[in-house]
Amino acid sequence: MSVAINVENVVKKYDNVTIIPDMTVNINNGEFFTLLGPSGCGKTTLLRMIAGFNSIEGGKIKFDDRIINNISAHKRNIGMVFQNYAIFPHLTVRQNVEYGLKLRKINKEEMKKKVDEILEIVKITDYQERLPERLSGGQQQRVALARAIVIHPSVLLMDEPLSNLDAKLRVEMRSAIREVQKQVGITTVYVTHDQEEALAISDRIAVMKDGVIQQIGTPENIYTRPYNTFVSTFIGHSNTFQGFVEINQDGTYVVFRNGYKVKMDNLSEECKNGQKVLISVRPEEFSIAAEGIDASVKNRTFLGKYVNYEMSFSESSEMMLDIEFSQDVGQAEKIMKEAEKIKLKPNSLKINVFTEDGERSLIKGVKRYE
């Protein structure tokens, strides 16, 4: 039976180095929860603590209300899928999937039923008598997934399971993993550094940096309303500008350093007139308009559906900036040429505004943890 996972004030140290200083996160029963962050941020360390492979120097980890800190890994009833598949090369697909059930001494009739069912769910029935050497990378990953799920674990843990696959196969497999997880309904913790992958498959995402969770939220909220500039720039691309708040009789504005200003109706009431802020605008949130930020095309990259532009503009007399602008080819009246001069207008409904140090959003309703 699937369980909720509660991580309470957990600390992880290696010798005298603290990897995770103090982490609390609650993962719901049946949820697909992704740990996302750059290499070395502690996401795999946390996964291994949940699995029982790493010790815990402080705090508690619970499956529902049961503290598992001192329970050995093989008694936690977890399924694990690794980056390198870790399937047995001398066993057929079916024998690999049966392995965990044999360790649990499941009778042959029940084992056949369980294996047949999971082979069908993961769509590898036709390959069940093949050895792994005769399978593609994606098929081998399906075998690893089937073997992890067939034992009916309380929790499924996946550590960068798609990083060894090519781009097309990764897209195919992430859809398969999400479909299987929904069908089985098992609590899943998934580790990746791939932002697009996390956005595509997760119920919620925890963005990590230096062992600290920066934000937890749905993919939509993480992308559209990041809590700080780290999340804003790590999830997709984002252009960040220095600016300040202007409050007058006409309303509240954010003002870019070159004087261009945008009226904002969703800034926090804590904002003060003249307050310095950071303004974040994603490439697709600009449009070409009669009024806006003066810019010129520095480079362009044609990607079929979109054209990505690297734009140059003078934000002030002392400072030159490059920004990114993404144009939907289907909606564009024309494709711009290098050195072409235009005005870019940011969408006021999509702009994100942060404190001057970038540590906190100043948009109403943005939460660090959801």
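Angles under 35 degrees count as roughly parallel, those over 145 as roughly antiparallel, those from 65 to 115 as roughly perpendicular, and the rest as oblique. Axes are lines fitted to C-alpha atoms, for helices over the stretch in contact, and the angles run from 0 to 180 degrees between N-to-C directions. The model is predicted, with local features needing pLDDT of at least 70 and side-chain atom pairs counting only at pLDDT 80 or more, while totals for chains, interfaces and linings use all residues. Residues are numbered from 1 along each chain as its sequence is written, and side-chain values use heavy atoms, with hydrogens and water left out.

Helices (H or I, at least four residues) and strands (E, at least two) are DSSP runs, numbered from the N terminus.

| Helix pair | Angle | Axes apart |
|---|---|---|
| H2 and H4 | about 30° | 7 Å |
| H2 (residues 93–103) and H3 (residues 108–121) | about 125° | 10 Å |

With the angle of about 125° between H2 and H3, H2 is oblique to H3. H2 passes H3 in a right-handed crossing, a crossing being right-handed if the near helix is turned clockwise from the far one by less than a right angle, and left-handed if anticlockwise. Contact means heavy atoms within 4.5 Å, and by it Val-93, Arg-94, Val-97, Glu-98, Leu-101 and Lys-102 in H2 meet residues of H3 that include Met-111, Val-115, Ile-118 and Leu-119. The residues of this contact of H2 with H3 divide into seven nonpolar, no polar and six charged, where Ala, Val, Leu, Ile, Met, Phe, Trp, Tyr, Cys and Pro count as nonpolar, Asp, Glu, Lys and Arg as charged, and the others, Gly among them, as polar.

H2 and H4, packing at about 30°, are therefore roughly parallel to each other. H2 passes H4 in a right-handed crossing, and Val-93, Asn-96 and Val-97 in H2 meet Val-143, Ala-146 and Arg-147 in H4. The residues of the contact of H2 with H4 divide into four nonpolar, one polar and one charged.

A salt bridge is a side-chain nitrogen of Lys or Arg within 4 Å of a carboxyl oxygen of Asp or Glu, and by this rule the count comes to 19 salt bridges. One of them joins Arg-94 to Glu-98, with the closest N and O atoms 3.5 Å apart. Because Arg-94 and Glu-98 are four residues apart in helix H2, about one helical turn separates them.

Two strands pair if DSSP finds at least two bridges between them. Six strands form an open sheet with mixed pairing, in the order S6-S7-S8-S3-S9-S10. Strand S6 (78–81) and strand S10 (212–217) are the edge strands, each pairing on one side only, and the twist averages 20° from one strand to the next. Within this sheet, strand S3 (residues 32–36) and strand S9 (residues 204–209) run parallel and are joined by four bridges, with Leu-36 standing opposite Val-207 in S9. Helix H1 (residues 43–51) lies across S3, S6, S7, S8 and S9, running at about 150° to S7. Helix H4 (residues 137–149) also packs on the sheet, where H4 touches S6 and S7 and its direction makes about 170° with that of S6.

**The antiparallel sheet**

Five strands form an open sheet with antiparallel pairing, in the order S13-S12-S11-S14-S19. Strand S13 (261–263) and strand S19 (352–355) stand at the edges with a single partner strand each, so one side of each is left without a neighbour in the sheet. Strand S14 (residues 276–281) pairs with S19 in the antiparallel sense over four bridges, and the bridge partner of Leu-278 in S19 is Phe-354.
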